[in-house]
There are 2 protein chains.
Amino acid sequence: MKVDIERQIQQSAEETAGKIRDLLAARKVFAVNLISSPGSGKTTLIESAIEALRGKKRVSVVEGDIETDIDAARIRKHGVQVHQINTRSSCHVPPFLLLSALDHIDLDATDLLFVENVGNLVCPAEVPLGEDLRVVALSVAEGDEKPLKYPLVFKTSDILVITKTDLLPYVKFDPGRVKAAARAVNPRVEIFEVSAVTGSGISSFLERIEELCGRKTG
Amino acid sequence: MKVDIERQIQQSAEETAGKIRDLLAARKVFAVNLISSPGSGKTTLIESAIEALRGKKRVSVVEGDIETDIDAARIRKHGVQVHQINTRSSCHVPPFLLLSALDHIDLDATDLLFVENVGNLVCPAEVPLGEDLRVVALSVAEGDEKPLKYPLVFKTSDILVITKTDLLPYVKFDPGRVKAAARAVNPRVEIFEVSAVTGSGISSFLERIEELCGRKTG
């Protein structure tokens, strides 16, 4: 019984994700589903992207949080379109809430859509959002064994961004070990190492996003 | 329909948590449910507790992870009882798995039981485990607005431990702001600031755990 219900919920999620995918295809919008634990630097990555791609790609943002519009307020200061979802009791952004959120974004004025998922390395990994690219962020403060302990999100992501590399001198974190662990669960994952504080690695990551976005949006 | 199923699951969880509570009461075991995001330092806190309380409280540990027994292997080196739960698709330790895990722990040889939950600041907050004390850990690398964005875990926890304070010079984190945010959602929360690297604050936190444990176990 429980399994049946779960299957129905999953089917319904996939159907709604399909509708999102069709909508984004029709409007030529490239969508990035950004997943990480709380505090790994998702919002900061989006802020960097907005500034670096200004005049090149029109960026819009959907912010997913359980409560508050703290992140949307941060993004709004950069002068781009942003819509805040509050998921309340849900541990991830469900597709139906993203579909509704897209009513509030002018997709014809958008090339690149960031969906910042709820801070959670577990649940968002199970939920398709019709995205073109799934990016998982992991800060060096979180430990280098995480891809083994939380495999699904690393397995289903196209890109792993290792963030806060400026903290490397102060924490026990071996980038080689996390890369090996990530590739063990997902051999095709692309990996970038960045620091928003020093700016290191940010441009390589964003050039890759711009390139992938360009393939869809021209 | 979905709501009915969710209510049944919640009722069943509460019943099983009640069984765990009764069992722990009968065996005079004080149980701590330790919750945080991945990499906030839960396992390290437990390791500190084992060493600091050696000869005073008999510590046992149940490790909850989606996959791997990395954490159980770390704990085992300290020579205490430990049992690993792998939750697979579950984003939290469910009570029925904890109840089964307790078959593998000699409770008559245990004063203080740590249950390390799955690394997730969201889902474990909703799930009662029959614990005596709920502790949430938040590292200074995660940001000081987290109690507002993830209120339930801060609202339902008895103690907040701010970890990795040795990183404070290198991150943007205002301990006063996080304390105010935590107390806004939970006025009765006790707050400790610790660093496993320097040892700062660890003894105050563990003295409090020992005191609370002593009230139940004598």
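This is a predicted model: local features need pLDDT of at least 70, side-chain atom pairs count only at pLDDT 80 or more; totals for chains, interfaces and linings use all residues.
1. First, the chain as a whole. Chain A holds eight helices and seven strands. Its radius of gyration is 17 Å, close to the 17 Å that the globule rule gives for 218 residues, so chain A is as compact as a globular protein of that length.

2. S1(A), residues 30-35, and S4(A), residues 112-116, run parallel and are joined by five bridges. One residue pair to look up is A:Val32, whose bridge partner in S4(A) is A:Phe114.

3. Back to H2(A), this time for its helix partner. The axis of H2(A) (residues 42-52) comes within 10 Å of the axis of H8(A) (residues 202-217), and the two cross at roughly 70°. An angle of 65 to 115 degrees counts as roughly perpendicular, which means that H2(A) is roughly perpendicular to H8(A). On the H2(A) side the contact is made by A:Ser48, A:Ala49 and A:Ala52, and on the H8(A) side by A:Ile202, A:Ser203, A:Leu206 and A:Ile209. Sorted by class, this contact has five nonpolar and two polar residues, and no charged ones.

4. Turning to chain B, its helix pair reads as follows. The axes of H2(B) (residues 42-52) and H8(B) (residues 202-217) come within 10 Å and cross at roughly 70°, so H2(B) is roughly perpendicular to H8(B). Here B:Ser48, B:Ala49 and B:Ala52 of H2(B) meet B:Ile202, B:Ser203, B:Leu206 and B:Ile209 of H8(B). The contact divides into five nonpolar, two polar and no charged residues.

5. The sheet of chain B is also worth a moment. Seven strands form an open sheet with parallel pairing, in the order S3-S2-S4-S1-S5-S6-S7. Its edge strands are S3 (81-86) and S7 (190-193) of chain B, each pairing on one side only, and the twist averages 20° from one strand to the next. Within this sheet, four bridges join S1(B) (residues 30-35) to S5(B) (residues 133-139), and these two strands run parallel. B:Leu34 has B:Val135 as its bridge partner in S5(B).

6. What packs on the sheet of chain B? H2(B) does, touching S1, S2 (59-65), S4 (112-116), S5 and S6 (159-163) of chain B, with a direction that makes about 165° with that of S4(B). H8(B) packs on the sheet too, touching S1, S4, S5, S6 and S7 of chain B. The direction of H8(B) makes about 140° with that of S1(B).

7. How are the two chains related? Chain B can be laid on chain A with an RMSD of 0.0 Å by a turn of 180° and a shift of 0.0 Å along the axis. The two copies are thus related as by a two-fold rotation axis.

8. Lastly, the contact between the chains. It takes 30 residues from chain B and 30 residues from chain A. On the chain B side, H1 (2-26) and H5 (146-149) each supply at least two residues, and the largest share, three residues, comes from H5(B). By class, this side of chain B has 15 nonpolar, seven polar and eight charged residues. Of the interface residues of chain B, 100% are also interface residues in chain A, so the copies meet through the same surface.

Technical notes. Residues are numbered from 1 along each chain as its sequence is written. Chains are lettered from A and ligands numbered from 1 in the order in which they are written. Copies are superposed by least squares on the C-alpha atoms of residues with pLDDT of at least 70 in both. Two residues are in contact if their C-beta atoms, placed from the backbone, lie within 7 Å. Axes are lines fitted to C-alpha atoms, for helices over the stretch in contact, and angles run from 0 to 180 degrees between N-to-C directions. Angles under 35 degrees count as roughly parallel, over 145 as roughly antiparallel, 65 to 115 as roughly perpendicular and the rest as oblique. Ala, Val, Leu, Ile, Met, Phe, Trp, Tyr, Cys and Pro count as nonpolar, Asp, Glu, Lys and Arg as charged, and the others, Gly among them, as polar. Two strands pair if DSSP finds at least two bridges between them. The radius of gyration is taken over C-alpha atoms; the globule rule is 2.2 Å times the number of residues to the power 0.38.
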